[in-house]
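Subject: Handover of a structure and summary of findings

Dear colleague,

Please find below the structure that I am handing over to you.

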Amino acid sequence: MRKLTIITTLIATAALTGCIDPSDYATDPVPVATAQGTVTCQLYTKERVLWDEAIAAPAGMSITTADKICQAEGQRRKDQ
């Protein structure tokens, strides 16, 4: 019985996860000035800072670094 409950819960969670579309929460692109150049960020609602991501980064900047800058900008806006 416990195994059936766990399987049912996993299926329900997977089904609901597929229903969430981040684009429904997206803001207009946000430019963030850095020492290396401007990072263009796609921010989401203030509650969804982990979804914030870079959609453009200056030459020489990794996308991982640009994503961190965007998440920091989302957090800064959340904290305001």
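With which side chain does the side chain of Glu-73 make a polar contact? The partner is the side chain of Arg-76, at 2.7 Å. A polar contact here is a pair of N or O atoms within 3.5 Å; within protein, one atom must be able to donate a hydrogen and the other to accept it, and residues adjacent in sequence count only if both atoms are side-chain atoms.

Before the details, a note on the basis of the values. This is a predicted model, in which local features need pLDDT of at least 70 and side-chain atom pairs count only at pLDDT 80 or more, while totals for chains, interfaces and linings use all residues. Residues are numbered from 1 along each chain as its sequence is written, and side-chain values use heavy atoms, with hydrogens and water left out.

Salt bridges

A salt bridge is counted when a side-chain nitrogen of Lys or Arg lies within 4 Å of a carboxyl oxygen of Asp or Glu. The count by this rule is two. In general, side chains of opposite charge can pair when their charged atoms come close.

Glu-73 is placed in helix H2, which covers residues 63-79. Helices (H or I, at least four residues) and strands (E, at least two) are DSSP runs, numbered from the N terminus. Because Glu-73 and Arg-76 are three residues apart in H2, about one helical turn separates them. Glu-73 and Arg-77, four residues apart in H2, are likewise separated by about one helical turn.

Accessibility is classed as buried (under 20% relative accessible area), exposed (over 50%) or partly exposed (in between), with a 1.4 Å probe and protein chains only. Glu-73 is buried at 11%, whereas Arg-76 is partly exposed at 40% and Arg-77 is partly exposed at 31%. Leaving aside neighbours within four places in sequence, Glu-73 is in contact (heavy atoms within 4.5 Å) with Val-32 and Leu-43.

The nonpolar core

A nonpolar core is a set of buried Ala, Val, Leu, Ile, Met, Phe, Trp, Tyr and Cys residues joined through side-chain atoms within 4.5 Å. The largest one has nine residues: Val-30, Val-32, Val-39, Cys-41, Leu-43, Ala-54, Met-61, Ala-66 and Cys-70. Strand S1 (30-34), strand S2 (37-42) and H2 are the elements that give two or more residues to this core. Beyond its neighbours within four places in sequence, Cys-70 is in contact with several residues, including Val-39, Cys-41, Leu-43 and Ala-54.

The strands

Two strands pair if DSSP finds at least two bridges between them. S1 and S2 pair in the antiparallel sense over five bridges, and they form a hairpin with two residues between them. Within this pairing, Thr-40 in S2 is the bridge partner of Pro-31. S2 also pairs with strand S3 (residues 53-56), in the antiparallel sense and over three bridges; here Ala-56 in S3 is the bridge partner of Thr-40.

Ile-55 belongs to S3 and is partly exposed, at 46%. Apart from neighbours within four places in sequence, Ile-55 is in contact with Pro-29, Thr-40, Cys-41 and Gln-42.

With kind regards
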